[in-house]
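This report examines a group of aromatic rings and the sheet in the structure shown below. Please keep the model in view while reading.

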Amino acid sequence: SDVCSSDLRKIHESLARVNKNNIILVGEPGVGKRSVVYKLVKNLENKKEIRSLDLTLLLAGTSLRGQLEEKLGQVLADLENLRPKALLFISDLAHMLDSESGASAWSMLKKSLDKKKIQIIAVSTPKAYKNLLTKDASIKNYFEAIEVEEPDSNLCLKILNSVKESLEKHYSSHNLKFRKVA
(Lines give C-alpha, C1' and ligand atoms only; values in the text may rest on other atoms or scores of the structure.)
Protein backbone atom coordinates (compact mmCIF):
# COMPACT_ATOMS: atom_id res chain seq x y z
CA SER A 1 0.00 0.00 0.00
CA ASP A 2 1.01 3.56 -0.58
CA VAL A 3 2.75 5.72 2.02
CA CYS A 4 0.14 7.83 3.90
CA SER A 5 -2.69 6.12 1.98
CA SER A 6 -5.15 5.99 4.90
CA ASP A 7 -4.54 9.68 5.69
CA LEU A 8 -4.90 10.58 2.00
CA ARG A 9 -8.14 8.60 1.74
CA LYS A 10 -9.59 10.51 4.72
CA ILE A 11 -8.46 13.82 3.19
CA HIS A 12 -10.01 13.04 -0.21
CA GLU A 13 -13.28 12.06 1.49
CA SER A 14 -13.30 15.32 3.48
CA LEU A 15 -12.47 17.48 0.45
CA ALA A 16 -15.36 15.92 -1.47
CA ARG A 17 -17.95 16.88 1.15
CA VAL A 18 -20.29 19.81 0.68
CA ASN A 19 -19.89 21.04 4.27
CA LYS A 20 -16.92 21.00 6.62
CA ASN A 21 -14.65 20.20 3.68
CA ASN A 22 -11.50 21.82 5.06
CA ILE A 23 -8.84 19.80 6.79
CA ILE A 24 -6.49 20.32 9.68
CA LEU A 25 -3.88 17.61 10.10
CA VAL A 26 -3.09 17.23 13.79
CA GLY A 27 0.02 15.42 14.98
CA GLU A 28 3.16 15.71 17.02
CA PRO A 29 6.17 17.43 15.43
CA GLY A 30 7.99 15.15 13.00
CA VAL A 31 5.23 12.59 12.37
CA GLY A 32 4.89 13.56 8.70
CA LYS A 33 2.00 16.04 8.48
CA ARG A 34 3.74 18.03 5.73
CA SER A 35 4.67 14.80 3.94
CA VAL A 36 0.98 13.94 3.79
CA VAL A 37 0.29 17.39 2.32
CA TYR A 38 3.08 17.00 -0.26
CA LYS A 39 1.71 13.61 -1.27
CA LEU A 40 -1.76 15.17 -1.58
CA VAL A 41 -0.34 17.91 -3.80
CA LYS A 42 1.16 15.26 -6.10
CA ASN A 43 -2.20 13.47 -6.27
CA LEU A 44 -4.14 16.66 -7.04
CA GLU A 45 -1.65 18.61 -9.16
CA ASN A 46 -3.67 18.35 -12.38
CA LYS A 47 -7.10 18.54 -10.73
CA LYS A 48 -6.94 21.47 -8.34
CA GLU A 49 -5.05 24.72 -7.96
CA ILE A 50 -3.03 24.44 -4.74
CA ARG A 51 -1.44 27.45 -3.09
CA SER A 52 0.49 27.93 0.11
CA LEU A 53 -0.14 30.88 2.42
CA ASP A 54 2.93 31.99 4.33
CA LEU A 55 1.53 34.13 7.13
CA THR A 56 5.00 35.40 8.11
CA LEU A 57 5.61 36.60 4.56
CA LEU A 58 2.14 38.10 4.44
CA LEU A 59 2.79 39.99 7.69
CA ALA A 60 6.12 41.34 6.39
CA GLY A 61 5.91 45.04 5.65
CA THR A 62 2.48 45.47 7.24
CA SER A 63 3.32 47.95 9.94
CA LEU A 64 0.21 50.05 9.42
CA ARG A 65 -3.23 48.94 10.51
CA GLY A 66 -5.20 47.45 7.64
CA GLN A 67 -2.23 46.54 5.43
CA LEU A 68 -2.42 42.83 6.29
CA GLU A 69 -6.14 42.80 5.59
CA GLU A 70 -5.54 44.51 2.24
CA LYS A 71 -2.85 42.00 1.22
CA LEU A 72 -4.87 39.00 2.36
CA GLY A 73 -8.01 40.36 0.73
CA GLN A 74 -6.19 40.50 -2.58
CA VAL A 75 -4.88 36.93 -2.18
CA LEU A 76 -8.35 35.62 -1.27
CA ALA A 77 -10.03 37.47 -4.15
CA ASP A 78 -7.56 35.87 -6.57
CA LEU A 79 -8.15 32.42 -5.06
CA GLU A 80 -11.93 32.77 -5.04
CA ASN A 81 -11.93 33.37 -8.80
CA LEU A 82 -10.07 30.15 -9.60
CA ARG A 83 -11.99 27.24 -11.07
CA PRO A 84 -12.02 24.53 -9.88
CA LYS A 85 -11.97 25.68 -6.30
CA ALA A 86 -8.49 26.43 -4.95
CA LEU A 87 -6.95 24.51 -2.08
CA LEU A 88 -4.99 26.76 0.28
CA PHE A 89 -2.28 25.24 2.47
CA ILE A 90 -1.64 27.07 5.74
CA SER A 91 1.23 25.74 7.81
CA ASP A 92 0.86 28.17 10.69
CA LEU A 93 -2.88 28.41 11.32
CA ALA A 94 -2.27 28.24 15.08
CA HIS A 95 -0.19 31.42 14.94
CA MET A 96 -2.94 33.21 13.07
CA LEU A 97 -5.02 33.76 16.19
CA ASP A 98 -2.05 34.81 18.32
CA SER A 99 -2.20 38.47 17.32
CA GLU A 100 -4.79 41.12 16.60
CA SER A 101 -3.86 41.23 12.91
CA GLY A 102 -3.87 37.43 12.76
CA ALA A 103 -7.35 37.30 14.27
CA SER A 104 -8.47 39.78 11.63
CA ALA A 105 -6.93 37.56 8.93
CA TRP A 106 -8.74 34.52 10.37
CA SER A 107 -12.00 36.45 10.22
CA MET A 108 -11.38 37.15 6.53
CA LEU A 109 -10.59 33.49 5.87
CA LYS A 110 -13.83 32.44 7.57
CA LYS A 111 -15.79 34.73 5.21
CA SER A 112 -14.17 33.02 2.21
CA LEU A 113 -14.93 29.61 3.72
CA ASP A 114 -18.54 30.65 4.31
CA LYS A 115 -18.83 31.51 0.60
CA LYS A 116 -17.44 28.03 -0.16
CA LYS A 117 -15.11 29.53 -2.76
CA ILE A 118 -11.88 28.08 -1.32
CA GLN A 119 -10.82 25.09 0.70
CA ILE A 120 -8.05 25.01 3.30
CA ILE A 121 -5.71 22.31 4.49
CA ALA A 122 -3.69 23.21 7.56
CA VAL A 123 -1.32 21.44 9.94
CA SER A 124 -1.04 21.73 13.70
CA THR A 125 0.34 20.04 16.77
CA PRO A 126 -2.25 18.67 19.23
CA LYS A 127 -1.37 21.38 21.78
CA ALA A 128 -1.66 24.21 19.21
CA TYR A 129 -4.94 22.76 17.92
CA LYS A 130 -6.35 22.66 21.45
CA ASN A 131 -5.31 26.31 21.88
CA LEU A 132 -7.01 27.17 18.57
CA LEU A 133 -10.24 25.66 19.82
CA THR A 134 -10.11 27.65 23.05
CA LYS A 135 -9.59 30.88 21.08
CA ASP A 136 -12.26 30.15 18.47
CA ALA A 137 -14.48 27.08 18.84
CA SER A 138 -15.98 27.73 15.38
CA ILE A 139 -12.87 26.10 13.90
CA LYS A 140 -14.65 22.77 14.41
CA ASN A 141 -17.44 24.03 12.13
CA TYR A 142 -15.01 24.65 9.29
CA PHE A 143 -12.35 21.96 9.67
CA GLU A 144 -12.28 18.19 9.84
CA ALA A 145 -9.43 17.29 12.20
CA ILE A 146 -7.45 14.31 10.94
CA GLU A 147 -4.94 12.86 13.36
CA VAL A 148 -1.60 11.92 11.83
CA GLU A 149 0.12 9.21 13.85
CA GLU A 150 3.81 8.47 14.00
CA PRO A 151 4.51 5.76 11.43
CA ASP A 152 5.43 2.31 12.70
CA SER A 153 8.80 0.74 11.82
CA ASN A 154 7.44 -1.07 8.74
CA LEU A 155 5.98 2.14 7.33
CA CYS A 156 9.21 4.00 8.17
CA LEU A 157 11.15 1.47 6.07
CA LYS A 158 8.67 1.90 3.21
CA ILE A 159 9.06 5.67 3.42
CA LEU A 160 12.85 5.46 3.47
CA ASN A 161 12.85 3.04 0.53
CA SER A 162 10.57 5.37 -1.42
CA VAL A 163 13.04 8.27 -1.06
CA LYS A 164 16.27 6.25 -1.09
CA GLU A 165 17.27 7.04 -4.68
CA SER A 166 16.50 10.73 -4.45
CA LEU A 167 18.46 11.06 -1.19
CA GLU A 168 21.44 9.19 -2.61
CA LYS A 169 21.35 11.38 -5.70
CA HIS A 170 21.01 14.57 -3.64
CA TYR A 171 23.92 13.61 -1.37
CA SER A 172 26.05 12.04 -4.11
CA SER A 173 28.95 14.42 -3.41
CA HIS A 174 29.13 12.87 0.08
CA ASN A 175 29.08 9.30 -1.29
CA LEU A 176 25.97 8.54 0.76
CA LYS A 177 24.64 5.02 0.18
CA PHE A 178 21.85 3.28 2.03
CA ARG A 179 22.24 -0.32 3.10
CA LYS A 180 19.28 -2.63 3.35
CA VAL A 181 18.30 -2.91 7.01
CA ALA A 182 16.18 -5.77 8.34
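## The aromatic cluster

In this predicted model, W106, Y142 and F143 form one aromatic cluster. Rings of Phe, Tyr and Trp (its six-membered ring) count as a pair if their centres lie within 6.5 Å; planes under 30 degrees apart are stacked, over 60 edge-to-face, and the rest tilted. This rule gives 2 aromatic pairs. W106 and Y142 are edge-to-face, with 6.2 Å from centre to centre and 80° between the planes. Because W106 lies in helix 6 (residues 100–114) and Y142 in helix 8 (residues 139–142), this pair ties together parts 36 residues apart in sequence. Helices (H or I, at least four residues) and strands (E, at least two) are DSSP runs, numbered from the N terminus.

W106 is buried, with a relative accessible area of 3%, and Y142 is buried at 14%. Buried means under 20% relative accessible area, exposed over 50%, and partly exposed in between (1.4 Å probe, protein chains only). W106 and F143 are stacked, at 6.1 Å centre to centre and 25° between the planes.

The 5 strands of an open sheet follow the order 2-3-4-1-5, with parallel pairing; two strands pair if DSSP finds at least two bridges between them. Strand 2 (50–53) and strand 5 are the edge strands, each pairing on one side only.

## Basis of the values

Residues are numbered from 1 along each chain as its sequence is written, and side-chain values use heavy atoms, leaving out hydrogens and water. Local features need pLDDT of at least 70 and side-chain atom pairs count only at pLDDT 80 or more, while totals for chains, interfaces and linings use all residues.
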